[in-house]
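Biologist: I would like to go through this model with you and hear what each term rests on. Please give the cut-offs as we go.

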Amino acid sequence: MTDLPESAPDASIETLFVTRVYRAAVGDEALVAELADCCRLAASDDGAGRAWSRKHGYPGYTSYASLDDLPWRFPAVKALVRHLDRHAKAFARDLAWDLAGRKLELDSIWINVLEPGGFHSGHIHPHSVISGTYYVAVPDGAGAIRFEDPRLPLMMAAPARKAKADRPLLPHVSVAPEPGTLLLWESWLRHEVPLNRAETERVSISFNYAWR
Ligand SMILES: [Fe+2]
């Protein structure tokens with residue numbers, strides 16, 4: 001409960017239906033550097049992924065549709081997955097999820113090399129429960145990730161929020177990562193990657209956890 005300002009001194013307001021976004025600094029510089037090498041190697045060697053990216057208008061390279069064995073291919077990705085498993089569990093605890101004897105399982109993990117001028121429009125990650133991204137290279141101007149209030153389509157007659165509204169009240173919230181930042185969110189949470197205004201590529205590794 002929070003107290004209201006002087007205009008309504010006897011009232012209080014409860015915050016309900018919160019949306020959690022989990023952030024952690026994961027790994028050290030060596031892991032980030034190793035992962036950067038893996039991502040660049042995949043981007044240069046994975047012809048099928050490059051062709052898929054071209055065909056589907058992905059601005060850069062993604063292994064999303066071409067490589068399903070990153071942790072076996074790259075020991076650094078395997079090391080990253082160990083961190084991810086631990087943080088996904090911690091997030092599930094924070095969400096107060098009753099997993100009912102089932103487990104959170106890494107369902108997919110893929111590399112994104114977003115070239116300057118590239119962006120990724122709003123989307124969700126179907127068929128999973130926790131999604132997230134680990135940031136490998138975030139050059140200045142590469143931009144934040146932007147999350148959208150999932151209730152936005154219901155607010156057809158509501159006034160817009162003031163630009164200076166408290167962060168939890170904003171309809172869109174940007175989170176600026178740095179190399180080594182891990183972000184986790186529930187997979188239904190719509191998000192987008194705004195235009196990469198940097199002069200170099202923005203490199204990240206995204207993944208989904210399923211409940212099995
Ligand atoms: Fe995404």
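Biologist: Are His 123 and His 191 buried or exposed?

Modeller: Both His 123 and His 191 are buried. Buried means under 20% relative accessible area, exposed over 50%, and partly exposed in between, with a 1.4 Å probe and protein chains only. This is a predicted model, in which local features need pLDDT of at least 70 and side-chain atom pairs count only at pLDDT 80 or more, while totals for chains, interfaces and linings use all residues. Residues are numbered from 1 along each chain as its sequence is written, and side-chain values use heavy atoms, with hydrogens and water left out.

Biologist: What makes His 123, His 125 and His 191 donors of the iron ion?

Modeller: Donors are N, O and S atoms within 2.8 Å of the metal (3.2 Å for Na, K and Ca); water is not among the atoms, so sites may look incomplete. The NE2 atoms of His 123, His 125 and His 191 lie 2.0 to 2.2 Å from the iron ion, so they count as donors. Along the chain the donors follow the spacing H-x1-H-x65-H. His 123 in strand β6 (residues 120–123) and His 191 in strand β11 (residues 191–193) are 68 residues apart and link distant parts of the chain. Helices (H or I, at least four residues) and strands (E, at least two) are DSSP runs, numbered from the N terminus.

Biologist: Why are strands β8 and β9 called a pair?

Modeller: Two strands pair if DSSP finds at least two bridges between them. Four bridges join β8 (residues 145–148) to β9, and the two run antiparallel; therefore they pair. One of the contacts sets Arg 146 against its bridge partner Ser 174 in β9. These strands belong to an open sheet of four, in the order β6-β11-β8-β9. β6 and β9 (172–175) are its edge strands, each pairing on one side only.

Biologist: How do you know that the length of helix α4 agrees with its residue count?

Modeller: The expected span is 1.5 Å times one less than the number of residues. For the 20 residues of α4 (residues 75–94) that should be 28 Å, and the end C-alpha atoms are 29 Å apart, which agrees.

Biologist: Why are the buried residues of α4 said to line one face?

Modeller: They include Leu 80, Leu 84, His 87 and Phe 91. Seen down the axis, the buried residues fall within an arc of 140°, so they line one face of α4. The arc is that of the directions from the helix axis to the C-beta atoms. Exposed Pro 75, Arg 82, Lys 89 and Arg 93 are on the face turned away from the buried side.
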